[in-house]
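This report goes through selected local features of one protein model. Please look over the sequence and the structure before reading on.

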Amino acid sequence: MPVLSAKSLMMQASPIRKLAPHARAAEASGTNVIYLNIGQPDMPTPPEMIAELHGLSLARLAYAPSEGLLEAREAWSAFFSSWDIEFAPDQILVTAGASEAITFILSIVAGGGEVLVFEPCYTNYLSFAAQADVALVPITLSVEDGYHFGSIERLRGCVTPKTKAILLCNPSNPTGTVYTAEELAAVAKVAVEHDLFVICDEVYREFVFDGGEVRSFTRFRDLAQRIIVVDSVSKRFNACGVRIGCMATHNREILDVALRLSVPTAEQLMVVPMLENGRAYSERLCGEYERRRDAVFNGLGAIDGVSPHPSEGSFYTMTRLPIDSCEEFAVFLLRDFSLDGETVCLAPGEGFYVTDGLGVDEVRVAFMYDAASLGRAMRILDAAVGAYPGRLVTTTE
Ligand SMILES: Cc1ncc(COP(=O)(O)O)c(C=O)c1O
């Protein structure tokens, strides 16, 4: 029997998907499952985008240029410009979502080397890195610090002669952290000191709460040749299935080698109007996510033994539960527990860590339901924590 490659063994099955059979069984037995585990937006794709698709008159669906259609790259350039981020159309490569962009960038700037990443991190970074032959070197953050890294020494201490880049998701999936100006300056400083690239995944840029903002690395002029920004329409326009994103950089060398046939033609075009005029739409989404964040934060705070940190952006939060194994707890919720005919599906924390054994008592919660449903979900979680046999109790109880 032929065997699979060694690389394939490093591509772990998504921890989120592992629970799917239990969730299906719960639903089959009549229990309503509230899915807190998946970052698939629940709100409709903007009708303008769908109308654009229907209105396209394409006589022939030929390959688009490898770098992307000019109209699409111009629209991305205008979109960045509306955020005071300057990338000319020829500094942008349209990709099949942020996923393709990240895999591409990792292999181009770091193949065979190491990339620093803050953990907990987006789970797919692990498989993208495996595909690109990159070793992720984690800088472990903790819930007590709101998953901020604070000191530049944390970063410096992880750099080795093999380090090629720092990969950062801002605002962060899974933690909801929005890095401060000082933190960005620290990343920039270490990048210059050690001759590193900075890969900045900003797919949640619009979703920042409490009047905060995402600061862009592009304002560090001396970093111009080192920065690669990754973006996508998936989350900001509720359009994950469109599979359109981009990578943007002032570094010509990177763009010159980032070539393959092309990404789908119609999809590149259907997103143009929203890229040009979608700011108000995503601001409304942000307001809705902030209400949902509040419902989750308040609900988690009411659970005995849970001290949540307020998510600053994206549409996730990560929290520690007073539970011995959140993976087993997630199965318990689906297999053995319900409250008034409902239960919740959680994303266990372990899958978001590069380091084995971390995150066993953490979960990620996604805000993909309205605030009332999320409030109900938190009450279910509260009751389940109380009922779970593996609950950890403090000595004062
Ligand atoms: C941080 C982050 N980067 C990239 C992606 C992938 O985005 P896309 O759908 O554009 O491939 C996701 C999707 O969840 C994400 O959370």
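## Two aspartates with positive phi

Asp-210 is found in the loop between strand 6 and strand 7. Helices (H or I, at least four residues) and strands (E, at least two) are DSSP runs, numbered from the N terminus. Although Asp-210 is not a glycine, its phi is positive, at about 55 degrees. With a relative accessible area of 55%, Asp-210 is exposed; exposed means over 50%, buried under 20% and partly exposed in between (1.4 Å probe, protein chains only).

Asp-195 belongs to the loop between helix 9 and strand 6. Its phi is near 60 degrees, again a positive value in a residue other than glycine. Asp-195 is exposed, and its relative accessible area is 58%.

## Basis of the values

The model is predicted, so local features need pLDDT of at least 70 and side-chain atom pairs count only at pLDDT 80 or more, while totals for chains, interfaces and linings use all residues. Residues are numbered from 1 along each chain as its sequence is written, and side-chain values use heavy atoms, with hydrogens and water left out.

## Aromatic pairs

In the whole structure, 21 aromatic pairs are found. Rings of Phe, Tyr and Trp (its six-membered ring) pair if their centres lie within 6.5 Å; planes under 30 degrees apart count as stacked, over 60 as edge-to-face and the rest as tilted. The ring centres of Phe-207 and Phe-315 are 5.9 Å apart and the planes are at 35 degrees, so this pair is tilted. It links distant parts of the chain, 108 residues apart: Phe-207 is in the loop between strand 6 (197–201) and strand 7 (227–232), and Phe-315 is in the loop between helix 13 (279–301) and strand 9 (316–320). Phe-207 is buried, at 0% relative accessibility, and Phe-315 is buried at 0% as well.

Another tilted pair is Phe-217 and Phe-220, with centres 6.1 Å apart and planes at 45 degrees. Both Phe-217 and Phe-220 are buried. A cluster of ring pairs joins Tyr-204, Phe-207, Tyr-289, Phe-315 and Tyr-316.

## Charges over rings

Arg-219 lies over the face of Phe-220, 4.7 Å from the ring centre. A charge sits over a ring if NZ of Lys or CZ of Arg is within 6 Å of the ring centre and within 35 degrees of the ring normal. The charged end of Arg-279 is placed over the ring of Trp-83, at 3.6 Å from its centre.

Helix 14 (residues 326–335) packs with helix 15 (residues 371–387) at an angle of about 110 degrees, their axes being 11 Å apart. Axes are lines fitted to C-alpha atoms, for helices over the stretch in contact, and angles run from 0 to 180 degrees between N-to-C directions. Helix 14 and helix 15 are therefore roughly perpendicular; this term covers 65 to 115 degrees, with under 35 roughly parallel, over 145 roughly antiparallel and the rest oblique. Phe-329, Phe-332 and Leu-333 of helix 14 make the contact with Leu-381, Ala-384, Val-385 and Ala-387 of helix 15, where contact means heavy atoms within 4.5 Å.

Tyr-388 is in the segment after helix 15 and is buried, with a relative accessible area of 9%.

## Cis peptide bonds

The peptide bond from Glu-119 to Pro-120 is cis, and omega is near 5 degrees. Asn-170 and Pro-171 are also joined by a cis peptide bond, with omega about -5 degrees.
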